[in-house]
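Here are a few friendly notes to read alongside the model. Take them in any order you like.

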Amino acid sequence: MAASASGCASPGCRCHDRSRSYPSDLTDTEWVVLENEARAVMAELVTVSGRPMVHDLRATLDAIGYVARYGIEWRALPVDFPPQAAVYAFFTRWSARGLPERLAGRLRGRIRAAAGRGELPTAGSIDSQSVKAAETAAAGACGYDAGKKIKGQKRHIAVDTLGLLLAVVVTAASVQDRDAAHSLLARLREKFSTITLVWADGGYAGRLVVGANSVLALRVSIVKRCDDTRGFVVLPRRWVAERSFAWLTRYRRLVRVYEHDPAHHEAMIWRATVHHMTRRLTREQAGQPPARRWGDPPPLPELTSPDARGKVVELITAQPWRAWKGSELATVLGIDNLNSFRVRLTQWSHQGYIRKIGPALYGPVLASS
């Protein structure tokens, strides 16, 4: 078979020279971090020698990351990625061999070492999350969670003290937390002999605590919520697992269960974890702070007008999208008498000097104290 101009043996595929144009694509710096780890794990997991990989590895991983990040169907992959059949075959084949889980383990060790921790964790937290299932999920793998009133599946995770994923088990939503925790803790003990302490919420209390201590040599510490507490309260250690769920649900493929096989859903969770860990490790190596979800507001312009009315016009002109409040304008201009300033704003609006941005611009005039 003749190779295409891009070096790919698949006719019409230009994966070897595609440009990175999507936010989910790995940057050059991120690819430097991930490439050696990915190729090393693939070399460890190869079963028999055969035909070499045709499509570009980076383009294939970017395609899987695109599906995980934006929650699209496999058949809806953009044309600049390798064919969807090849990408899905790569996903299923290497997921069955444990590629994403092993890759996450390598990245986890590097992140922990960069944070001054040991590569192997000694403590962790467990929790569960019920997720609605789409019609593509197998009916036999779904159930109804009466507590959350959700029909679908439940994912049970174990994370370390940094919130990095250690183990995951996907069950029907009808399975109780303490019942699924037996499999989760057994998998955790099999992979990490160094872990001795696990934190959990009140749903795991009971025979699980005794069984984990006697059979798995794991001490399960229950972090309970006080009965007289009202509203949201950050509980010690439990918030770490909740934050990990928040990281996972940023990937739209994980907001709802679309996979027919629960093992594929577990693999998609590991794929999202690898993507998250790669970006986190790259950022920490560069000494950059975590990216803000919402960007910082643009700086205020330098005000040159001699009077207050001209300065208000400059502010509104510089940021026309912003619904200014009278109190905010008074703070910027250094005006103390807020009631008088609001009256002046109303006069300038009626005179046509400024225009109203929204109802938040002019609040009710407060009674002077």
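How many aromatic pairs does the structure hold?

1. The structure has nine aromatic pairs, where rings of Phe, Tyr and Trp (its six-membered ring) pair if their centres lie within 6.5 Å. In one of them, the ring centres of Phe 341 and Trp 348 are 6.4 Å apart and the planes stand at 80°, so this pair is edge-to-face (over 60 degrees; under 30 counts as stacked and the rest as tilted). Phe 341 and Trp 348 are both buried (under 20% relative accessible area, 1.4 Å probe, protein chains only).

2. A word on the basis: this is a predicted model, with local features needing pLDDT of at least 70 and side-chain atom pairs 80 or more, while totals for chains, interfaces and linings use all residues. Residues are numbered from 1 along each chain as its sequence is written, and side-chain values use heavy atoms, leaving out hydrogens and water.

3. Do look at Tyr 22, Tyr 66, Tyr 70 and Phe 81, which form one aromatic cluster.

4. Arg 69 sits over Tyr 251, 4.8 Å from the ring centre; Arg 237 sits over Trp 199, at 4.5 Å.

5. In the contact of α3 with α8 (heavy atoms within 4.5 Å), Tyr 88, Phe 90 and Trp 94 are among the α3 residues, and Met 268 and Arg 271 among those of α8.

Note on methods
Buried means under 20% relative accessible area, exposed over 50%, partly exposed in between (1.4 Å probe, protein chains only). A charge sits over a ring if NZ of Lys or CZ of Arg is within 6 Å of the ring centre and within 35 degrees of the ring normal. Helices (H or I, at least four residues) and strands (E, at least two) are DSSP runs, numbered from the N terminus.
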